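Please have the structure open as I talk.

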Amino acid sequence: MSGFLASLDPRRVQWGAAWYAMHSRILRTKPVESMLEGTGATTAHGTKLAQVLTTVDLISLGVGSCVGTGMYVVSGLVAKEMAGPGVIVSFIIAAVASILSGVCYAEFGVRVPKTTGSAYTYSYVTVGEFVAFFIGWNLILEYLIGTAAGASALSSMFDSLANHTISRWMADSVGTLNGLGKGEESYPDLLALLIAVIVTIIVALGVKNSVGFNNVLNVLNLAVWVFIMIAGLFFINGKYWAEGQFLPHGWSGVLQGAATCFYAFIGFDIIATTGEEAKNPNTSIPYAITASLVICLTAYVSVSMILTLMVPYYAIDTESPLMEMFVAHGFYAAKFVVAIGSVAGLTVSLLGSLFPMPRVIYAMAGDGLLFRFLAHVSSYTETPVVACIVSGFLAALLALLVSLRDLIEMMSIGTLLAYTLVSVCVLLLRYQPESDIDGFVKFLSEEHTKKKEGILADCEKEACSPVSEGDEFSGPATNTCGAKNLPSLGDNEMLIGKSDKSTYNVNHPNYGTVDMTTGIEADESENIYLIKLKKLIGPHYYTLRIRLGLPGKMDRPTAATGHTVTICVLLLFILMFIFCSFIIFGSDYISEQSWWAILLVVLMVLLISTLVFVILQQPENPKKLPYMAPCLPFVPAFAMLVNIYLMLKLSTITWIRFAVWCFVGLLIYFGYGIWNSTLEISAREEALHQSTYQRYDVDDPFSVEEGFSYATEVFLTLTLVTLAKGNCESCEFRLQCRL
């Protein structure tokens, strides 16, 4: 005991070295090249995932994960209790807020394509290992609760269609239990357990089967949506929007409804988790995210219009609004048609929650942050079957024991946290110097470079070969284009005229800043937003840029400017958290117009605006990607603000449960993940390798025979190298003297 206490003596513990070691571990990032190596037949995880998903499949997954509960539940709830017919405006506001996060996800899907794990992988290659584990752990929570909530909602739907005979039978036959969150007469929901098990089997059987099942349900849901729109036209009445009934609770009700409607768009991030299984992730992921959000918005707005024009907002049934609106007009057959769509929509929403969960677990286990047996991929189904079984079992257990209301309260906090981090990462990466993000572009253009290898080889052969048979080669080529007496883009010079596109690859210093067909530097006026801004301001555009200190088109980010942006983003996140907390919890003081509250709000708004303006003054990285989030830094900053606000609007009990989940995750990370991650194992092997060579060169004695053999090998290698340079005589002389 005394020895242990002595080891903790501050005079003996090297706290600085210990802190540096821990700091370097939790902030280490995963190199993109390591993921590039995993795109072959097998990966570090085992058998690779099947690359079979098209853009249509990804859109179907995104729409299915969002549209179920949003169309059949949220629309009626918000219309009756918050916004009235103004629910239409609420959905539009929520869609704009969702698109802000969606464009950030789309850019990351292009920056880090062919990866599994969504925001987890994005943060691992940008922010660091600890943040990546934290986000991945909370994504698992989101998908786990979403799956259990979907199974419970489907169970309740079947029970409602059967006039509650299922629940009564289970309560009488199985019995009741207390303390499950469902009230005094609660019962274990065996039907929800069965539903979760069936969907788990479908997902584990293979991505083709699960996506095919998802597509069939989406087609059925689409058909019911068309039926609702056509049948509802015969019963609409414009008086329900007249005489001030469109906004019965004013704009405050609309904004409150928008906060609720935002959750109807949560789920599009499922698209980003399937990058490794997409055929062409560079284009499919941005298009699928944008298209799924637009389709969901169209469905929500159109259904809300029909609903509020058929039934007065105060008479809407919050449990099953779309079914009961036809019953109110005596069209009973339509109730069963809508019920079929409700079952299809909730089922596809359940599938959308369960489908990405094992893939996040697979990605984390493959990196060693979770137990590695979870990363096993079946060679038959080409899916992470162990992760599917484990995640499905946990979701089924939750659906059996926990109420639907308790599940819904916890469902969104992990997603909002992931959305916030993705926005932060986009803001950081776009302002970092070239060396820090070069791996992203190399990874992105790997396939393009392979296609050009033949052309590059021919070009190099032409440059290095003699002009005629009688000529002798007198040295290396002066450029990469094949012309021996002309300057090259490698010298950072512009060529007037057309250049060879094939020689202009990712390793070039001007890649992304010079036009690929003309060789002339790309002008910033190519941006459509800048074109409109120039037309609006006129000839004072450049004068205004100079006076505001905005960077010019030739300015490039440096380590200093990148560090400035990092500090500003960190302060921006903290300040936004304080600002949203005061807006939510100090709303009474603001509504009473207390001078100190108003002054504090104005001061925080000015500080946030100042930080955004400082970020705007820093030069962006000139690299061009197939898709990039527009209007930086405003779009990611506003997305951060919206997501933080919605997170703080969640209930206290949700934050307590979230804290417990995070505590369990911290135990797993610091007890297992930090010591068994792939990066940690690689670092240990490298350190062992270096120490072995050091001992061999310095400490280990060797005999004359061993020394002779070693010297022979070394100097023979030196001979070969020097012979290639034409210094054979001197090298042979030195070799003979030494031997």
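**The core and a few backbone details**

In this predicted model, the largest nonpolar core has 173 residues, and the members that touch the most other members are Phe-91, Tyr-105, Tyr-300, Met-325 and Leu-370. Helix 7, which covers residues 129-161, supplies the largest share of this core, with 16 residues. Domain 1 (49-430 + 651-678) and domain 2 (527-650) each contribute residues to this core, and therefore the core lies between them.

Let me take one of those residues, Tyr-105: leaving aside residues up to four places away in sequence, Tyr-105 touches, among others, Tyr-122, Phe-268, Ile-289, Tyr-419 and Val-422.

Next, I turn to Gly-341, which sits in helix 14 (residues 332-354) and is buried, with a relative accessible area of 0%. Not counting residues up to four places away in sequence, Gly-341 touches Tyr-72, Asn-221 and Val-224, while its C-alpha is 8.1 Å from that of Ala-223, a residue 118 positions apart from Gly-341 in sequence.

Finally, the loops. Between helix 26 (595-616) and helix 27 (634-648) we find Pro-633, and the peptide bond leading from Leu-632 to Pro-633 is cis, with omega near 0 degrees. The loop between helix 26 and helix 27 also holds Cys-631, a non-glycine residue whose phi is positive, near 55 degrees, and which is partly exposed at a relative accessible area of 40%.

Terms used
Residues are numbered from 1 along each chain as its sequence is written. This is a predicted model: local features need pLDDT of at least 70, side-chain atom pairs count only at pLDDT 80 or more; totals for chains, interfaces and linings use all residues. Side-chain values use heavy atoms; hydrogens and water are left out. A nonpolar core is a set of buried Ala, Val, Leu, Ile, Met, Phe, Trp, Tyr and Cys residues joined through side-chain atoms within 4.5 Å. Buried means under 20% relative accessible area, exposed over 50%, partly exposed in between (1.4 Å probe, protein chains only). Helices (H or I, at least four residues) and strands (E, at least two) are DSSP runs, numbered from the N terminus. Domain bounds come from an automatic or database domain assignment. Contact means heavy atoms within 4.5 Å.
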